[in-house]
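Keep the sequence and the coordinates side by side.

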Amino acid sequence: MPPAPVRFRDPVTTLADHAASALVRCPRCACLAHYERRPDHTPVHRLVCRSCGLSRPGGRPALWLSTRTRHGEVWAYNLEHLDLLRRFVAASLRERDPWYEHGRKMTYIARLPAWIKSAKNRTEVLRAIDRLRASVTAR
């Protein structure tokens with residue numbers, strides 16, 4: 001009997017749901033830093049680096065969780081976002097509600113590029129995601 005397929009159910013989130021907190025590259029020391037958008041949507045955002053002690057408001061620097069593949073760029077804001085992407089790519093059975101059941105036609109998963117959704121690129125994309133996760137846990 002063949003093994004049961006790995007299932008993924010679209011959680012019906014948007015990219016903005018993951019953008020409140022991000023792992024970024026510190027502009028001073030190029031180490032892992034944390035960027036946080038305030039929950040009240042004020043224009044003041046905070047960047048904190050534990051390596052060099054930088055703590056300041058400002059614009060978002062380059063994402064830490066970003067890598068290139070031969071098909072395009074794989075990126076995520078934070079580890080939860082990366083985990084969602086990994087679960088989607090690894091799943092052989094991907095399910096979602098019809099668009100009329102939840103009111104949103106284009107969720108984060110629906111907006112992913114076709115090359116990430118393609119089963120033939122699954123191993124390469126999963127390798128890239130695993131490298132990104134390792135870059136955070138090695139720090």
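The lining of the second largest pocket holds seven nonpolar, one polar and two charged residues. This is a predicted model. The volume of the second largest pocket is about 150 Å³.

Which residues line the second largest pocket? They are Leu15, Glu73, Trp75, His81, Leu85, Tyr108, Arg111, Leu112, Pro113 and Ile116. Strand S7 and helix H1 (79-90) are the elements that each give two or more residues to this lining.

Now look at Trp75, one of the lining residues of the second largest pocket. Trp75 sits in strand S7, which covers residues 73-75. Is Trp75 buried or exposed, or in between? Trp75 counts as partly exposed because its relative accessible area is 29%, and the partly exposed class runs between under 20% for buried and over 50% for exposed.

Follow the contacts next. Leaving out residues up to four places away in sequence, Trp75 touches Leu15, Leu63, Leu65, Ser66, His81 and Leu85. Among them, Leu15, His81 and Leu85 also line the second largest pocket. Leu65 is 10 residues from Trp75 along the chain, with 5.5 Å between their C-alpha atoms.

Turn to the largest pocket. Its volume is about 190 Å³. The largest pocket has 10 lining residues, and Leu32, Ala33, His34, Val48 and Arg50 lie nearest its centre. Which strand gives the most to the lining of the largest pocket? Strand S3 (residues 32-37) does, with three residues. By class, the lining of the largest pocket has six nonpolar, two polar and two charged residues.

Key: Residues numbered from 1 in each chain as written. Predicted model: local features only at pLDDT ≥ 70, side-chain atom pairs only at ≥ 80, totals over all residues. Heavy atoms only, no water. Helix = DSSP H or I, 4+ residues; strand = E, 2+ residues; numbered from the N terminus. Buried < 20%, exposed > 50% of the residue type's maximum accessible area, 1.4 Å probe, protein only. Contact = heavy atoms within 4.5 Å. 1 Å grid on protein atoms, 1.4 Å probe; cavity = no way out; pocket = protein on both sides within 12 Å on 5 of 7 lines; lining within 4 Å. Points joined across faces, edges and corners; volume = space filled by probe spheres on them. Nonpolar A, V, L, I, M, F, W, Y, C, P; charged D, E, K, R; others polar.
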